[in-house]
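Subject: Structure handover

Hello,

Here is the structure I said I would pass on. Please open it alongside this message and follow the residue numbers as you read.

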Amino acid sequence: MKKKIDVVLGLQWGDEGKGKIVDVLASRYPAVARFQGGPNAGHSLQFEGHSFVVRSIPSGIFREGSVNVIGSGVVLDPVTFREECGNISKMGINPVERLVISKKAHLILPTHRLLDAASEAAAGKGKIGSTLKGIGPTYSDKIARHGVRVGDILAPDFQARFDALKQRHIRLLNDMKYECNPEENEAEWMAAIDFLKKFQLVDCEYYVNDWLDSGKEMLAEGAQGFMLDIDYGSYPFVTSSNTTCGGVCTGLGVPPGKVGRVFGIMKAYCTRVGSGPFPTELFDETGEELRRIGHEFGAVTGRPRRTGWLDLVALKYAVTVDGVTDLILMKSDCLDTFDTIKACTSYKIGGEETTHFPFDTAAKIEPVYTEFKGWKKDLTGVRDEKNLPKEFTDYIAFIENYLGVPVKIISLGPDREATIER
Ligand code: IMO
Ligand code: MG
(Lines give C-alpha, C1' and ligand atoms only; values in the text may rest on other atoms or scores of the structure.)
(Ligands and ions follow the chains in the order given, each with its own letter.)
Protein backbone atom coordinates (compact mmCIF):
# COMPACT_ATOMS: atom_id res chain seq x y z
CA MET A 1 0.00 0.00 0.00
CA LYS A 2 1.16 3.51 -0.82
CA LYS A 3 2.30 5.52 2.18
CA LYS A 4 2.07 9.17 3.13
CA ILE A 5 4.88 11.28 4.45
CA ASP A 6 4.63 12.24 8.14
CA VAL A 7 6.11 15.53 9.22
CA VAL A 8 7.85 16.98 12.29
CA LEU A 9 7.70 20.77 12.59
CA GLY A 10 8.90 23.27 15.18
CA LEU A 11 5.98 25.43 16.32
CA GLN A 12 7.87 28.25 18.01
CA TRP A 13 11.10 30.12 17.17
CA GLY A 14 13.24 27.03 16.61
CA ASP A 15 15.20 25.00 19.16
CA GLU A 16 12.13 23.06 20.26
CA GLY A 17 13.98 19.73 20.35
CA LYS A 18 13.39 18.49 16.82
CA GLY A 19 16.66 16.51 16.72
CA LYS A 20 15.79 14.41 19.74
CA ILE A 21 12.25 13.67 18.57
CA VAL A 22 13.24 12.78 15.01
CA ASP A 23 15.89 10.48 16.45
CA VAL A 24 13.23 8.82 18.66
CA LEU A 25 10.72 8.53 15.78
CA ALA A 26 13.39 7.42 13.31
CA SER A 27 13.23 3.88 14.68
CA ARG A 28 9.76 3.71 13.02
CA TYR A 29 10.67 5.42 9.78
CA PRO A 30 13.20 3.84 7.44
CA ALA A 31 13.78 7.26 5.84
CA VAL A 32 14.06 10.83 7.12
CA ALA A 33 14.13 13.88 4.85
CA ARG A 34 15.11 17.49 5.44
CA PHE A 35 13.07 19.79 3.21
CA GLN A 36 14.31 23.32 3.98
CA GLY A 37 16.89 25.36 5.84
CA GLY A 38 20.57 24.61 6.06
CA PRO A 39 23.39 24.80 8.57
CA ASN A 40 21.54 27.54 10.47
CA ALA A 41 19.84 24.55 12.12
CA GLY A 42 21.43 22.76 15.06
CA HIS A 43 19.56 19.60 15.96
CA SER A 44 20.85 18.00 19.16
CA LEU A 45 20.66 14.26 19.81
CA GLN A 46 21.72 12.22 22.83
CA PHE A 47 21.87 8.46 23.02
CA GLU A 48 23.97 5.78 24.68
CA GLY A 49 26.20 8.40 26.25
CA HIS A 50 26.91 10.23 22.98
CA SER A 51 25.77 13.72 22.10
CA PHE A 52 25.64 15.12 18.61
CA VAL A 53 24.52 18.25 16.81
CA VAL A 54 23.48 17.79 13.18
CA ARG A 55 23.15 20.80 10.91
CA SER A 56 22.21 19.84 7.34
CA ILE A 57 22.04 16.09 7.76
CA PRO A 58 18.70 14.57 8.82
CA SER A 59 18.51 13.36 12.42
CA GLY A 60 17.76 9.80 11.25
CA ILE A 61 21.42 9.28 10.29
CA PHE A 62 22.27 7.37 13.48
CA ARG A 63 19.68 4.64 12.93
CA GLU A 64 21.00 1.53 11.26
CA GLY A 65 19.74 0.91 7.76
CA SER A 66 18.16 4.36 7.52
CA VAL A 67 18.00 6.44 4.36
CA ASN A 68 18.39 10.18 4.88
CA VAL A 69 17.35 12.62 2.18
CA ILE A 70 18.63 16.17 1.83
CA GLY A 71 15.78 17.70 -0.16
CA SER A 72 15.54 20.32 -2.89
CA GLY A 73 14.42 23.05 -0.51
CA VAL A 74 17.64 22.79 1.52
CA VAL A 75 20.64 25.08 1.09
CA LEU A 76 23.83 23.08 1.49
CA ASP A 77 27.24 24.32 2.59
CA PRO A 78 29.65 21.64 1.37
CA VAL A 79 32.28 22.56 3.97
CA THR A 80 29.93 22.23 6.95
CA PHE A 81 28.48 19.12 5.37
CA ARG A 82 31.90 17.50 5.07
CA GLU A 83 32.69 18.35 8.71
CA GLU A 84 29.40 16.82 9.82
CA CYS A 85 30.12 13.67 7.81
CA GLY A 86 33.55 13.50 9.44
CA ASN A 87 32.00 13.52 12.92
CA ILE A 88 29.46 10.88 11.95
CA SER A 89 32.19 8.66 10.47
CA LYS A 90 33.92 8.66 13.85
CA MET A 91 30.91 6.71 15.14
CA GLY A 92 31.69 3.97 12.64
CA ILE A 93 28.86 5.09 10.34
CA ASN A 94 29.53 5.60 6.64
CA PRO A 95 27.44 8.63 5.65
CA VAL A 96 27.78 7.80 1.94
CA GLU A 97 25.68 4.69 2.53
CA ARG A 98 22.94 6.50 4.45
CA LEU A 99 22.49 9.76 2.54
CA VAL A 100 20.99 10.86 -0.73
CA ILE A 101 21.07 14.48 -1.83
CA SER A 102 18.74 16.36 -4.15
CA LYS A 103 20.39 17.73 -7.27
CA LYS A 104 18.07 20.70 -6.92
CA ALA A 105 19.30 21.79 -3.49
CA HIS A 106 21.18 25.08 -3.70
CA LEU A 107 24.83 25.47 -2.74
CA ILE A 108 26.03 28.00 -0.18
CA LEU A 109 29.21 29.61 -1.57
CA PRO A 110 31.90 31.12 0.67
CA THR A 111 30.84 34.53 -0.65
CA HIS A 112 27.23 33.92 0.47
CA ARG A 113 28.51 33.85 4.03
CA LEU A 114 30.41 37.09 3.46
CA LEU A 115 27.27 38.71 2.07
CA ASP A 116 25.32 37.57 5.15
CA ALA A 117 27.95 39.22 7.40
CA ALA A 118 28.07 42.37 5.24
CA SER A 119 24.32 42.73 5.27
CA GLU A 120 24.12 42.32 9.05
CA ALA A 121 27.02 44.75 9.57
CA ALA A 122 25.24 47.35 7.43
CA ALA A 123 21.87 46.84 9.15
CA GLY A 124 22.75 48.52 12.44
CA LYS A 125 19.67 48.44 14.65
CA GLY A 126 17.62 46.53 12.08
CA LYS A 127 19.83 43.46 12.43
CA ILE A 128 18.06 40.12 12.00
CA GLY A 129 20.55 38.36 14.27
CA SER A 130 21.26 35.87 11.49
CA THR A 131 23.38 32.80 12.21
CA LEU A 132 25.76 34.17 9.52
CA LYS A 133 25.82 30.86 7.65
CA GLY A 134 24.91 32.48 4.32
CA ILE A 135 21.30 31.27 4.40
CA GLY A 136 19.54 34.51 3.35
CA PRO A 137 21.91 35.36 0.46
CA THR A 138 21.71 31.78 -0.90
CA TYR A 139 17.90 31.77 -0.93
CA SER A 140 17.98 35.29 -2.43
CA ASP A 141 20.08 33.99 -5.33
CA LYS A 142 17.76 31.02 -5.73
CA ILE A 143 14.72 33.30 -6.05
CA ALA A 144 16.61 35.73 -8.30
CA ARG A 145 17.56 32.71 -10.46
CA HIS A 146 21.33 33.09 -10.13
CA GLY A 147 21.89 30.13 -7.81
CA VAL A 148 24.26 27.20 -8.23
CA ARG A 149 22.73 23.82 -7.42
CA VAL A 150 24.13 20.53 -6.18
CA GLY A 151 23.47 18.88 -9.57
CA ASP A 152 25.63 21.54 -11.23
CA ILE A 153 28.78 20.10 -9.66
CA LEU A 154 28.66 17.34 -12.29
CA ALA A 155 28.43 19.81 -15.20
CA PRO A 156 31.56 20.38 -17.30
CA ASP A 157 31.21 24.14 -16.87
CA PHE A 158 30.71 24.05 -13.08
CA GLN A 159 33.78 26.22 -12.47
CA ALA A 160 32.42 28.87 -14.85
CA ARG A 161 29.03 28.87 -13.08
CA PHE A 162 30.74 29.19 -9.72
CA ASP A 163 32.95 32.03 -10.98
CA ALA A 164 30.00 33.95 -12.45
CA LEU A 165 28.15 33.86 -9.13
CA LYS A 166 31.30 34.70 -7.19
CA GLN A 167 31.96 37.74 -9.40
CA ARG A 168 28.42 38.95 -8.83
CA HIS A 169 29.00 38.63 -5.09
CA ILE A 170 32.33 40.46 -5.25
CA ARG A 171 30.62 43.38 -6.97
CA LEU A 172 27.99 43.45 -4.21
CA LEU A 173 30.61 43.23 -1.46
CA ASN A 174 32.53 46.10 -3.07
CA ASP A 175 29.37 48.18 -3.31
CA MET A 176 28.76 47.56 0.39
CA LYS A 177 32.39 48.49 1.10
CA TYR A 178 32.75 45.30 3.12
CA GLU A 179 36.38 44.49 3.69
CA CYS A 180 37.17 40.83 3.17
CA ASN A 181 39.09 38.36 1.06
CA PRO A 182 36.42 36.69 -1.09
CA GLU A 183 38.79 33.88 -2.04
CA GLU A 184 39.94 33.01 1.44
CA ASN A 185 37.95 29.77 1.82
CA GLU A 186 37.66 28.81 -1.82
CA ALA A 187 40.19 25.96 -1.90
CA GLU A 188 38.58 24.27 1.08
CA TRP A 189 35.14 24.74 -0.49
CA MET A 190 36.26 23.18 -3.80
CA ALA A 191 37.77 20.22 -1.93
CA ALA A 192 34.43 19.78 -0.17
CA ILE A 193 32.69 19.80 -3.57
CA ASP A 194 34.87 16.85 -4.60
CA PHE A 195 33.80 15.10 -1.40
CA LEU A 196 30.14 15.77 -2.28
CA LYS A 197 30.61 13.87 -5.56
CA LYS A 198 30.91 10.62 -3.59
CA PHE A 199 27.23 10.80 -2.66
CA GLN A 200 24.17 9.62 -4.50
CA LEU A 201 22.71 12.75 -6.11
CA VAL A 202 19.06 12.25 -6.97
CA ASP A 203 15.96 13.79 -8.47
CA CYS A 204 14.43 14.18 -5.04
CA GLU A 205 10.81 14.39 -6.21
CA TYR A 206 11.02 11.03 -8.03
CA TYR A 207 12.99 9.46 -5.21
CA VAL A 208 10.54 10.49 -2.48
CA ASN A 209 7.35 9.70 -4.41
CA ASP A 210 8.69 6.29 -5.54
CA TRP A 211 9.66 5.54 -1.95
CA LEU A 212 6.17 6.31 -0.62
CA ASP A 213 4.39 4.64 -3.55
CA SER A 214 6.32 1.43 -2.93
CA GLY A 215 4.76 1.28 0.55
CA LYS A 216 7.66 2.59 2.66
CA GLU A 217 7.34 5.19 5.41
CA MET A 218 9.17 8.50 5.44
CA LEU A 219 9.42 11.30 7.99
CA ALA A 220 10.05 14.91 6.97
CA GLU A 221 12.16 16.85 9.47
CA GLY A 222 11.64 20.59 9.63
CA ALA A 223 14.31 23.04 10.65
CA GLN A 224 13.75 26.31 12.52
CA GLY A 225 10.16 26.90 13.62
CA PHE A 226 6.81 28.30 12.61
CA MET A 227 7.50 31.84 13.84
CA LEU A 228 10.64 31.99 11.65
CA ASP A 229 8.74 31.17 8.44
CA ILE A 230 9.46 33.63 5.62
CA ASP A 231 5.74 34.19 4.90
CA TYR A 232 3.97 33.69 8.24
CA GLY A 233 6.68 34.38 10.82
CA SER A 234 7.50 37.73 12.38
CA TYR A 235 8.85 39.21 9.13
CA PRO A 236 11.51 40.55 8.64
CA PHE A 237 12.87 38.80 11.74
CA VAL A 238 12.64 35.37 10.16
CA THR A 239 14.72 32.90 8.22
CA SER A 240 14.51 32.74 4.42
CA SER A 241 12.58 29.52 3.87
CA ASN A 242 9.13 28.06 4.47
CA THR A 243 9.38 26.31 7.79
CA THR A 244 5.64 25.62 7.67
CA CYS A 245 3.96 22.44 6.42
CA GLY A 246 3.70 23.78 2.88
CA GLY A 247 7.50 23.72 2.76
CA VAL A 248 7.36 19.91 2.79
CA CYS A 249 5.50 19.86 -0.53
CA THR A 250 7.76 22.34 -2.30
CA GLY A 251 10.96 21.21 -0.60
CA LEU A 252 10.58 17.52 -1.41
CA GLY A 253 8.25 17.57 -4.39
CA VAL A 254 5.36 15.70 -2.73
CA PRO A 255 1.74 16.69 -3.34
CA PRO A 256 -0.36 17.94 -0.36
CA GLY A 257 -2.55 14.82 -0.45
CA LYS A 258 0.48 12.72 0.39
CA VAL A 259 1.14 14.52 3.68
CA GLY A 260 0.12 12.29 6.59
CA ARG A 261 0.46 13.07 10.28
CA VAL A 262 1.88 16.43 11.26
CA PHE A 263 3.76 16.34 14.55
CA GLY A 264 4.14 19.81 16.04
CA ILE A 265 6.92 20.24 18.58
CA MET A 266 6.69 22.82 21.34
CA LYS A 267 8.63 23.55 24.47
CA ALA A 268 6.68 24.11 27.69
CA TYR A 269 8.02 27.68 27.58
CA CYS A 270 9.43 29.87 24.80
CA THR A 271 12.86 30.84 23.56
CA ARG A 272 14.15 32.91 20.71
CA VAL A 273 17.64 33.66 19.37
CA GLY A 274 18.23 36.74 17.28
CA SER A 275 16.07 39.84 16.99
CA GLY A 276 12.34 40.30 16.60
CA PRO A 277 9.10 40.31 18.57
CA PHE A 278 8.67 37.92 21.48
CA PRO A 279 5.46 38.84 23.33
CA THR A 280 6.04 36.72 26.46
CA GLU A 281 9.75 37.47 26.86
CA LEU A 282 10.94 37.69 30.46
CA PHE A 283 13.66 40.13 31.44
CA ASP A 284 13.67 39.20 35.10
CA GLU A 285 15.03 36.45 37.30
CA THR A 286 12.44 33.97 36.07
CA GLY A 287 13.78 34.41 32.54
CA GLU A 288 17.31 33.91 33.83
CA GLU A 289 16.18 30.79 35.69
CA LEU A 290 14.61 29.31 32.53
CA ARG A 291 17.84 29.95 30.61
CA ARG A 292 19.92 28.31 33.30
CA ILE A 293 17.72 25.27 33.90
CA GLY A 294 16.93 24.74 30.21
CA HIS A 295 20.56 25.29 29.08
CA GLU A 296 19.21 27.81 26.62
CA PHE A 297 22.32 28.66 24.66
CA GLY A 298 22.46 28.31 20.87
CA ALA A 299 23.66 24.96 19.49
CA VAL A 300 25.01 26.73 16.37
CA THR A 301 26.21 30.12 17.58
CA GLY A 302 26.47 29.65 21.38
CA ARG A 303 24.40 32.82 21.88
CA PRO A 304 22.27 32.99 25.04
CA ARG A 305 18.65 32.46 24.02
CA ARG A 306 15.93 34.92 25.02
CA THR A 307 13.39 33.16 27.28
CA GLY A 308 9.74 33.61 28.23
CA TRP A 309 6.49 31.92 29.23
CA LEU A 310 4.48 29.69 26.92
CA ASP A 311 2.62 31.67 24.25
CA LEU A 312 -0.59 29.85 23.32
CA VAL A 313 -1.73 32.65 21.00
CA ALA A 314 1.35 32.18 18.80
CA LEU A 315 1.00 28.39 19.10
CA LYS A 316 -2.64 28.40 18.02
CA TYR A 317 -1.57 30.38 14.95
CA ALA A 318 1.14 27.81 14.19
CA VAL A 319 -1.12 24.80 14.75
CA THR A 320 -3.74 26.28 12.41
CA VAL A 321 -1.41 27.08 9.52
CA ASP A 322 0.61 23.87 9.88
CA GLY A 323 -2.40 21.58 10.27
CA VAL A 324 -0.85 19.88 13.28
CA THR A 325 -2.42 16.52 14.17
CA ASP A 326 -0.22 15.53 17.13
CA LEU A 327 1.55 17.71 19.67
CA ILE A 328 4.90 16.86 21.21
CA LEU A 329 5.63 18.63 24.48
CA MET A 330 9.29 19.19 25.34
CA LYS A 331 11.21 20.26 28.42
CA SER A 332 8.35 20.45 30.93
CA ASP A 333 10.89 19.10 33.44
CA CYS A 334 12.57 22.52 33.25
CA LEU A 335 9.53 23.96 35.03
CA ASP A 336 9.71 21.48 37.94
CA THR A 337 10.88 24.01 40.52
CA PHE A 338 8.48 26.88 39.75
CA ASP A 339 5.70 27.72 42.25
CA THR A 340 3.56 29.23 39.52
CA ILE A 341 3.60 28.54 35.79
CA LYS A 342 2.10 30.93 33.27
CA ALA A 343 0.72 30.57 29.76
CA CYS A 344 -0.30 33.51 27.59
CA THR A 345 -3.88 33.05 26.39
CA SER A 346 -4.51 36.42 24.71
CA TYR A 347 -2.76 39.66 23.79
CA LYS A 348 -3.71 43.21 24.62
CA ILE A 349 -2.79 45.52 21.76
CA GLY A 350 -3.69 49.22 22.05
CA GLY A 351 -6.16 48.39 24.83
CA GLU A 352 -7.96 45.70 22.76
CA GLU A 353 -7.81 42.04 23.64
CA THR A 354 -7.17 39.60 20.80
CA THR A 355 -6.16 36.00 20.14
CA HIS A 356 -4.76 36.84 16.69
CA PHE A 357 -1.04 37.20 16.11
CA PRO A 358 -0.66 40.76 14.75
CA PHE A 359 0.68 41.73 11.32
CA ASP A 360 2.69 44.60 12.75
CA THR A 361 5.88 43.27 14.31
CA ALA A 362 6.40 46.62 16.02
CA ALA A 363 3.01 46.39 17.79
CA LYS A 364 3.25 46.79 21.55
CA ILE A 365 1.83 43.54 22.88
CA GLU A 366 0.83 43.02 26.48
CA PRO A 367 0.44 39.30 27.19
CA VAL A 368 -2.58 38.18 29.23
CA TYR A 369 -1.70 35.13 31.31
CA THR A 370 -3.49 32.15 32.80
CA GLU A 371 -1.67 30.89 35.87
CA PHE A 372 -1.14 27.31 36.97
CA LYS A 373 0.03 25.87 40.25
CA GLY A 374 3.49 24.35 39.82
CA TRP A 375 3.86 20.58 40.34
CA LYS A 376 7.10 21.00 42.29
CA LYS A 377 8.23 17.44 41.56
CA ASP A 378 11.17 16.10 39.61
CA LEU A 379 9.72 14.80 36.33
CA THR A 380 13.01 13.70 34.77
CA GLY A 381 12.86 10.08 35.86
CA VAL A 382 9.17 9.53 35.09
CA ARG A 383 8.65 7.00 32.29
CA ASP A 384 5.03 6.08 32.93
CA GLU A 385 2.17 8.50 32.34
CA LYS A 386 0.40 7.23 35.48
CA ASN A 387 3.18 8.66 37.63
CA LEU A 388 2.82 12.22 36.37
CA PRO A 389 1.58 14.72 39.00
CA LYS A 390 -1.99 15.97 38.64
CA GLU A 391 -0.92 19.63 38.38
CA PHE A 392 1.15 18.67 35.34
CA THR A 393 -1.56 16.64 33.61
CA ASP A 394 -4.00 19.52 34.24
CA TYR A 395 -1.54 21.87 32.54
CA ILE A 396 -1.32 19.50 29.55
CA ALA A 397 -5.11 19.23 29.36
CA PHE A 398 -5.36 23.03 29.28
CA ILE A 399 -2.88 23.20 26.37
CA GLU A 400 -4.72 20.46 24.46
CA ASN A 401 -8.02 22.19 24.98
CA TYR A 402 -6.75 25.61 23.91
CA LEU A 403 -4.99 24.28 20.81
CA GLY A 404 -7.55 21.62 19.93
CA VAL A 405 -4.84 19.01 19.33
CA PRO A 406 -3.80 16.11 21.59
CA VAL A 407 -0.36 15.91 23.19
CA LYS A 408 0.92 12.50 22.05
CA ILE A 409 4.53 12.58 23.21
CA ILE A 410 6.01 14.12 26.36
CA SER A 411 9.77 14.51 26.53
CA LEU A 412 11.31 14.86 29.97
CA GLY A 413 15.03 15.06 29.24
CA PRO A 414 17.45 15.12 26.32
CA ASP A 415 18.09 11.37 26.14
CA ARG A 416 16.23 9.08 23.70
CA GLU A 417 14.88 7.14 26.67
CA ALA A 418 13.36 10.14 28.50
CA THR A 419 10.15 10.00 26.46
CA ILE A 420 6.54 9.14 27.31
CA GLU A 421 4.06 8.25 24.56
CA ARG A 422 0.32 8.46 25.10
P1 IMO B 1 16.85 24.96 14.55
O2 IMO B 1 16.55 24.11 13.36
C3 IMO B 1 16.64 28.95 16.28
C4 IMO B 1 17.12 32.40 13.57
C5 IMO B 1 18.36 33.24 13.74
C6 IMO B 1 17.85 34.59 13.28
C7 IMO B 1 16.91 34.23 12.14
C8 IMO B 1 17.52 34.32 10.75
O9 IMO B 1 18.04 24.55 15.33
O10 IMO B 1 15.63 25.15 15.40
P11 IMO B 1 19.28 32.86 9.40
O12 IMO B 1 20.69 32.47 9.73
O13 IMO B 1 18.36 31.70 9.20
O14 IMO B 1 19.19 33.86 8.30
O15 IMO B 1 18.76 33.66 10.71
O16 IMO B 1 16.51 32.89 12.39
N17 IMO B 1 17.37 30.94 13.38
C18 IMO B 1 17.15 30.00 14.31
N19 IMO B 1 16.78 30.11 15.60
N20 IMO B 1 16.85 27.73 15.77
C21 IMO B 1 17.20 27.60 14.46
O22 IMO B 1 17.26 26.40 13.88
C23 IMO B 1 17.42 28.76 13.69
N24 IMO B 1 17.81 28.99 12.42
C25 IMO B 1 17.76 30.33 12.24
O26 IMO B 1 18.79 33.27 15.07
O27 IMO B 1 17.08 35.21 14.28
MG1 MG C 1 18.93 25.61 16.91
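This is a predicted model: local features need pLDDT of at least 70, side-chain atom pairs count only at pLDDT 80 or more; totals for chains, interfaces and linings use all residues.

Helix 6

Helix 6 runs over residues 158-175, which makes 18 residues. From its first C-alpha to its last it reaches 26 Å, close to the 26 Å expected at 1.5 Å a residue. Its buried residues are Phe158, Phe162, Leu165, Lys166, His169, Ile170 and Leu173. They lie on the same side of helix 6, because they cover an arc of only 150° around the axis. The face turned away from this buried side carries Arg171, Asn174 and Asp175, which are exposed.

What lies over the buried residues of helix 6? The cover includes strand 8 (106-107), helix 4 (110-123), helix 5 (135-143) and helix 7 (186-196).

Lys177

Just after helix 6 comes Lys177, with a positive phi of about 55°. Lys177 sits in the loop between helix 6 and helix 7. Is Lys177 buried or exposed? The cut-off for exposed is over 50% relative accessible area, and Lys177 has 74% relative accessibility, so it counts as exposed. For a sense of distance, Lys177 and Gly17 are 160 residues apart in sequence, and their C-alpha atoms are 39 Å apart in space.

Helix 5

Helix 5, already listed as part of the cover of helix 6, has buried residues of its own: Ile135, Gly136, Pro137, Thr138, Tyr139 and Asp141. These pack against strand 6 (75-76), strand 8, helix 4 and helix 6. After helix 5 comes Arg145, and its phi is positive too, near 70°.

The second largest pocket

The second largest pocket holds about 240 Å³ of space. It is lined by 17 residues, and the closest to its centre are Asp77, Val79, Arg113, Asn185 and Glu188. Which helices supply at least two residues each to this lining? They are helix 2 (78-89), helix 4 and helix 7. By type, the lining has eight charged residues, six nonpolar and three polar.

Regards

Key
Residues are numbered from 1 along each chain as its sequence is written. Chains are lettered from A and ligands numbered from 1 in the order in which they are written. Side-chain values use heavy atoms; hydrogens and water are left out. Helices (H or I, at least four residues) and strands (E, at least two) are DSSP runs, numbered from the N terminus. The expected span of a helix is 1.5 Å times one less than its number of residues. Buried means under 20% relative accessible area, exposed over 50%, partly exposed in between (1.4 Å probe, protein chains only). The arc is that of the directions from the helix axis to the C-beta atoms. Contact means heavy atoms within 4.5 Å. On a 1 Å grid over the protein atoms alone, a cavity is a set of points where a 1.4 Å probe fits but cannot get out, and a pocket is an open set with protein on both sides within 12 Å along at least five of seven lines; lining residues have an atom within 4 Å of a point. Grid points are joined across faces, edges and corners, and a volume is the space filled by probe spheres set on the points. Ala, Val, Leu, Ile, Met, Phe, Trp, Tyr, Cys and Pro count as nonpolar, Asp, Glu, Lys and Arg as charged, and the others, Gly among them, as polar.
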